[in-house]
Amino acid sequence: MCLRPEGMPESWEGVPTEGWSAPTAEIEAQMKARSLLGRVTTLADVGNAAVFLASDQAGATTGTVFNLTSGTVVD
Amino acid sequence: MLLENKNAVIYGGGGAIGGAVARAFAREGARVFLAGRTLEGLEEVAEGIRSAGGVAETAQVDALEETAVDEHANAVAASAGGIDISFNAISIRDVQLIPLVEMSREDFMSPILTGTSTHFLTARAAARHMIEQGSGVILTLSSSAVRAYVAGVHVGGFGIAGTAIEAPSRNCLRRS
């Protein structure tokens, strides 16, 4: 199974961003505007999804991609 | 707790995503084995997990080195009694922000070769133990860049890397 998150502003801390297309706050705003849920994906979202998929609660799930983009990408 | 008595290996466990997933696994009772190239970042995550009452171990492993990956997985399986969960969140050396028409072949291929290689190696290492024990979960990581080939967005080979990582995650890997 595969986790497919959107870029996470939380994970940009300490990352050199000088060559980026826009200031990070602007990119974050664009991502929010583009997402169906009006939010950005968080590291906790990815952790929680990984826990669920790894647990017996997801016993009937296999061979799939888990969409964690907050609706910026819709299958 | 959802992952009691599970052994989880997390490659890139010192990074933002690897660390977050490791903490979440540990919170749910899993024993986590953090693997990565730099011990410092791994230790920081491990310390946080231990101080919250969890169990974490660290090991210096380059998840692109075949022998190192296999030996580490074998060691974890031998000492912990098996591998129940494998998650790979290492950086796949993507080069972005350059239009494709200006990008070199090396930069374009970098995340594709790195991503497919490392996910193949870590999934294979875990699968050997999971087949033996008859159960297990392998989690891979892609990104929204799989759909990012649109005007003005320059993700280089990063989206194709994600697509190539997703393909076997959909088709080849069986949970039993």
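Predicted model: local features only at pLDDT ≥ 70, side-chain atom pairs only at ≥ 80, totals over all residues.
Local features need pLDDT of at least 70 and side-chain atom pairs count only at pLDDT 80 or more, while totals for chains, interfaces and linings use all residues. Residues are numbered from 1 along each chain as its sequence is written, and chains are lettered from A and ligands numbered from 1 in the order in which they are written.

**Exercise 1. Describe the elements and the overall dimensions of each chain.**

Step 1. Helices (H or I, at least four residues) and strands (E, at least two) are DSSP runs, numbered from the N terminus.

Step 2. Chain A has two helices and two strands, in the order β-α-α-β from the N terminus. The radius of gyration of chain A is 14 Å, well over the 11 Å that the globule rule gives for 75 residues, so chain A is more spread out than a compact globule. The radius is taken over C-alpha atoms, and the rule is 2.2 Å times the number of residues to the power 0.38. Along the principal axes, the C-alpha atoms of chain A fill a box of roughly 45 × 25 × 15 Å.

Step 3. Chain B holds five helices and five strands, which run β-α-β-α-β-α-β-α-β-α from the N terminus. For its 176 residues a compact globule would have a radius of gyration near 16 Å, and the 17 Å of chain B agrees with this. The C-alpha trace of chain B spans about 50 × 35 × 30 Å along its principal axes.

**Exercise 2. Trace the sheet across the two chains.**

Step 1. Two strands pair if DSSP finds at least two bridges between them.

Step 2. The open sheet has seven strands in the order 2(A)-1(A)-5(B)-4(B)-1(B)-2(B)-3(B), with parallel pairing. Strand 2 (65-68) of chain A and strand 3 (55-60) of chain B stand at the edges, each with a single partner strand, so one side of each is left without a neighbour in the sheet. From one strand to the next the twist averages 20°.

Step 3. Within chain B, strand 1 (residues 7-11) and strand 4 (residues 85-88) run parallel and are joined by four bridges. Val9(B) has Ser86(B) of strand 4 as its bridge partner.

Step 4. Helix 2 of chain B packs on the sheet, where it touches strand 2 (31-36) and strand 3 of chain B, and its direction makes about 175° with that of strand 3.

**Exercise 3. Characterise the interface between the chains.**

Step 1. Residues are in contact if their C-beta atoms, placed from the backbone, lie within 7 Å. By this count, 30 residues of chain A are in contact with 31 residues of chain B.

Step 2. Strand 1 (2-5) and helix 2 (43-54) of chain A are the elements that give two or more residues to chain A's side. Helix 2 of chain A provides the largest share, nine residues.

Step 3. Chain A's side has 14 nonpolar, 13 polar and three charged residues. Here Ala, Val, Leu, Ile, Met, Phe, Trp, Tyr, Cys and Pro count as nonpolar, Asp, Glu, Lys and Arg as charged, and the others, Gly among them, as polar.

Step 4. Strand 1 of chain A pairs with strand 5 (residues 137-141) of chain B in the parallel sense over two bridges. Cys2(A) has Thr140(B) as its bridge partner in strand 5 of chain B.

Conventions. Contact = placed C-beta atoms within 7 Å. Axes fitted to C-alpha atoms, helices over the stretch in contact; angles between N-to-C directions.
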